[in-house]
Amino acid sequence: MAAKRVWAAHGLMLASGFAGLGYQVVWAQQGALWLGHESAAVLAVVAAFFGGLALGALLMGPRIARSPRPARWYAACEALIGGWGTLLIGLMPAVSGALLAITGPQPSAAWQWTVAFGGMFLLLLPATAAMGATLPAMERVGQQLLGAAQPGRALAALYASNTLGAVVGVLATAFWLLPALGLARTAACCVVLNLFCAGIAWRAFPAETPPAQASPAAGEIAGPMLRLALTGLLGLGYEVLVVRVLSQVTEDTVYTFALLLAVYLVGTSLGAALLARLRKPGPGDDEDLTNRLLSALSLACLLGTGSLWAAERVRDGWLATTGGGMAAALGAEALLALLAFGLPTLVMGALFSELSRRAMARGLSLGRALGVNTLGAALAPLLFGVLLVPLVGPKGGLLLVAAGYLLLRSGGARWRAGSWAPAAAVLAVAVLAPPLAFVELPEGARLVSYQEGAMAAVSVVEDAQGVSRLRINNRQQEGSSATRLVDGRQALLPLLLHPAPQHALFLGMGTGVTSSVAAEDPQLQVDVAELLPEVIAASRLFVDAPRLHAVAADARRFVRAEDTRYDVIVSDNFHPARSGSGSLYTVEHFQAVRARLAAGGVFCQWLPLHQLDLATLRSIVQSFVLAYPQASAILASDSLETPVLGLVGRADDGRFDAAVLHASLVRAAGPRGLAAFGLDDDFALLGSFVADTAALQRFAADAPANTDDHPVVAYLAPRVTYAPDSLPRDRLLALLAEVSVQPAQVITADAAWLQRLAAYGQARRQFIAAGRDVRPARNAREMLAQVQAPLLAVLHTSPDFRPAYMPLLRMATALAPSDPPAARALLSELAQLQPDRPEAGEALKQLAL
């Protein structure tokens, strides 16, 4: 019977750990929906978790220690966790909405972080406090079940079971439960586990257990408690900083954080177990062992920090050796986590085990020891993640962690021989090592700007050709000075689809080129919501747009909290696999944007086809069509390397009037310089449509919609990021093969004009297909050999299609000096195909001269 109860205790701790980390992942995802950024949500949820655990252990631990019924306390705590988890399944959307309203559309940084940390802490407190009380309760039960001869070792085994469950929980939740079930159902699974634990504990464990001995005097345990708190602060601070640095090297997806957290948990658990097994029983110099562990931990953190400078080379070497693929990419991230966390977390676990053992020897319970440790850890996300990183950078923060462990050595032992080595290493790294800033600098390039913010690092790099590029965390390019044509089109196409826009909103700023092109119209008021203040600052290196009104605000929060109505809203092509971006493609977000549209308003959601596979795209299209039942789609340009698709919805679900848009196009053509963007005629504008509503519905078919509760995009999109299975041009052509547009379903115009527009659309598809296999050539003759026949066929399909006309005109002009007859023949054919355009005729006259 006793053996069964022991196994039951281990099983309960494993199940409880699984549920606890499952909740953490779920609540972080839900928090990102109103906090606006997954890294911010993770920091807030981690702080709320540790804060609640600490309060539960410290406030309820003494009562549990005096209670004769600890098993009943444990069962009640598990039931409370399950009950509060059940309430949050229904209440989280409403509470999140209230917290969003409290935060406001344009909060100060101090207010935003106050609401984020405070709101999350209070929202989760009943559950997290109950979680913190489960270990003191199980400690009491364990002492009776496992015997008091070696309580520390027995309880360490229970703690190891709890940690193993946490590791399985975080991995199973991220890789299986959330993608398959969504947030609410995954939380429901955790609720079932809690209630199962409550029921088993109530029935399987003795109802009565002798009360624990009286608590020790405060003076006897003040020193151990302070060390436990500070080591908790430093340990989680190290984790926060390493995760921040590795976000610049890894793909920073939902899977990345799960792997990093799993390695961290495994390391600390193994460290505690190893010390419990290797430490010899009997009297010994406890203080000397503690000092040696603190010195070892300082050195281990420095070694882990050192691995970060080599992270890119390790990642590239691993991928080259394994041959690539999603499994290999995830393996690379796990390897980086192991190098950074492996040794430090082993020593952290051993140090916590030793400090806890010493505290328990003075009468402090394991539950209170853990509570004090987690109380210190609760401060780490705010101190290290929000305050220190912008001030001293990740390198400075990590050095403070290593130095902090040395300062915790007792008395004169701080400066004995054993501490000189790590102290000298800290000083050497501080002086000699470069910053932990990952910025890719091609040959001849220079770093123009670099800013560490609370949520990301933003850099601007100028290459040898003078082209500047803006990147977030080194991995996510947000545009360049060489992409004005396409970036400008992403502003002008949606604006020109509205007959008279007065107020426009852009969600996401990047280099600022897109919104600044819109702001060139003096009659248009332009607002931009950009999450990162550092991006707003960096955009000034690309554009000078004094009329642009940029606010540092999360896009999701802004459209919900702001009550302004806009004629046009344009959403940037956010990378769907990156932290938090998937929530900008949900049904709920698209509906919130619709609520901000004025009568007759137009919304355009740009999608980066070069960063999307078709399965993910189908889910996004499905979500958009649910919010805009008469949606359509346009192409931003004819690019094969970086194709961008725009999903277009109208507030009134109506069609576009060709005559009205023609009049507005004529008014805008001169002042806006539309010819420079290839938008100087009706066909260039309305011919950009590639799919009508029926085509989008067929394309989406039975694909799951991306919703706040079931964020399928966040779990689908990383596939193509980790292991691209096709080229962007192949995905674009595959998409065009599946969708089509009947102009009459999108545009109101006379039949003859609609027929010409249909021909224009067919020519566009031919043009894109013709470019698929074209390779750069050294001269016009070689290029013409590849493209002359297919481009002339495009013009025969639609003489209105200028993108095929202009390249042939330029190549004919370039060919004229070396082969006048061939140039004359091509120019003559172009003049016949487009008799209304003067360029070919003028070139013929020049050739005759």
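# Notebook: strands, loops and cores

**Entry 1: the four-stranded sheet.** I started with an open sheet of four strands, ordered E1-E2-E3-E4, whose pairing is antiparallel. I found strand E1 (446-452) and strand E4 (476-480) at the edges, each pairing on one side only. From one strand to the next, the twist averages 20 degrees. A reminder to myself before going on: this is a predicted model.

I then looked at one pair within this sheet. Strand E3 (residues 468-472) and E4 are joined in the antiparallel sense over three bridges. Across that pair, I see Arg 471 opposite Gln 477 of E4.

**Entry 2: the loop between E3 and E4.** I followed the chain into the loop between E3 and E4 and stopped at Asn 473. Its phi is near 55 degrees, a positive value in a residue other than glycine. I noted this since most residues other than glycine have a negative phi. Is Asn 473 buried or exposed? Asn 473 counts as buried because its relative accessibility is 8%, and the cut-off for buried is under 20%.

Entry 3: Asp 252 sits in the loop that links helix H7 (218-246) and helix H8 (254-278). With a relative accessible area of 22%, Asp 252 is partly exposed.

**Entry 4: strand E5.** How many of the residues of strand E5 (residues 503-507) are buried? I count five of the five, so E5 is largely enclosed by the rest of the structure. His 503, Leu 505 and Leu 507 point one way from the strand, Ala 504 and Phe 506 point the other way, and all are buried.

I then checked the partners of E5. Strand E6 (residues 525-530) runs parallel to E5 and is joined to it by five bridges. In that pairing, Leu 505 is opposite Asp 527 of E6. To get from E5 to E6, the chain passes through helix H15 (residues 513-519), and this β-α-β crossover is right-handed. Strand E8 (residues 566-571) also runs parallel to E5, with four bridges between them. There, Leu 507 has Ser 571 of E8 as its bridge partner.

Entry 5: I carried on from Ser 571, which stands opposite Gln 605 in E9. E8 and E9 are parallel and share five bridges. Together with helix H18 (residues 587-595), these two strands make a right-handed β-α-β unit. Strand E9 (residues 597-608) is mostly covered, with 10 of its 12 residues buried.

In which sense do E9 and strand E11 (residues 644-650) pair? Here I found the antiparallel sense, over seven bridges. Trp 606 has Gly 646 of E11 as its bridge partner.

**Entry 6: two helix residues.** I picked Ser 298, in helix H9 (residues 286-309). Its relative accessibility is 0%, so Ser 298 counts as buried. Not counting residues up to four places away in sequence, Ser 298 touches Ala 402, Tyr 405, Leu 406, Pro 422 and Val 426.

Ala 184 counts as partly exposed because its relative accessibility is 21%. Neighbours within four places in sequence aside, I find Ala 184 in contact with Ile 89 and Asp 709. I also checked Gly 90: its C-alpha atom is 8.4 Å from that of Ala 184, although 94 residues separate the two along the chain.

Entry 7: My last look was at how nonpolar residues group. In soluble globular proteins, nonpolar side chains tend to be buried together. The largest nonpolar core here has 202 residues, and Trp 27 and Leu 686 have the most contacts inside it. Which helix gives the most to this core? Helix H4 (residues 109-146) does, with 14 residues.

I listed the contacts of Leu 686, leaving aside neighbours within four places in sequence: Leu 497, Ala 658, Leu 661, Ile 747, Trp 753 and Leu 757.

Key
Residues are numbered from 1 along each chain as its sequence is written. This is a predicted model: local features need pLDDT of at least 70, side-chain atom pairs count only at pLDDT 80 or more; totals for chains, interfaces and linings use all residues. Side-chain values use heavy atoms; hydrogens and water are left out. Buried means under 20% relative accessible area, exposed over 50%, partly exposed in between (1.4 Å probe, protein chains only). Contact means heavy atoms within 4.5 Å. Two strands pair if DSSP finds at least two bridges between them. A crossover is right-handed if, with the strands pointing away from the viewer, the path from the first strand over the helix to the second runs clockwise. Axes are lines fitted to C-alpha atoms, for helices over the stretch in contact, and angles run from 0 to 180 degrees between N-to-C directions. A nonpolar core is a set of buried Ala, Val, Leu, Ile, Met, Phe, Trp, Tyr and Cys residues joined through side-chain atoms within 4.5 Å.
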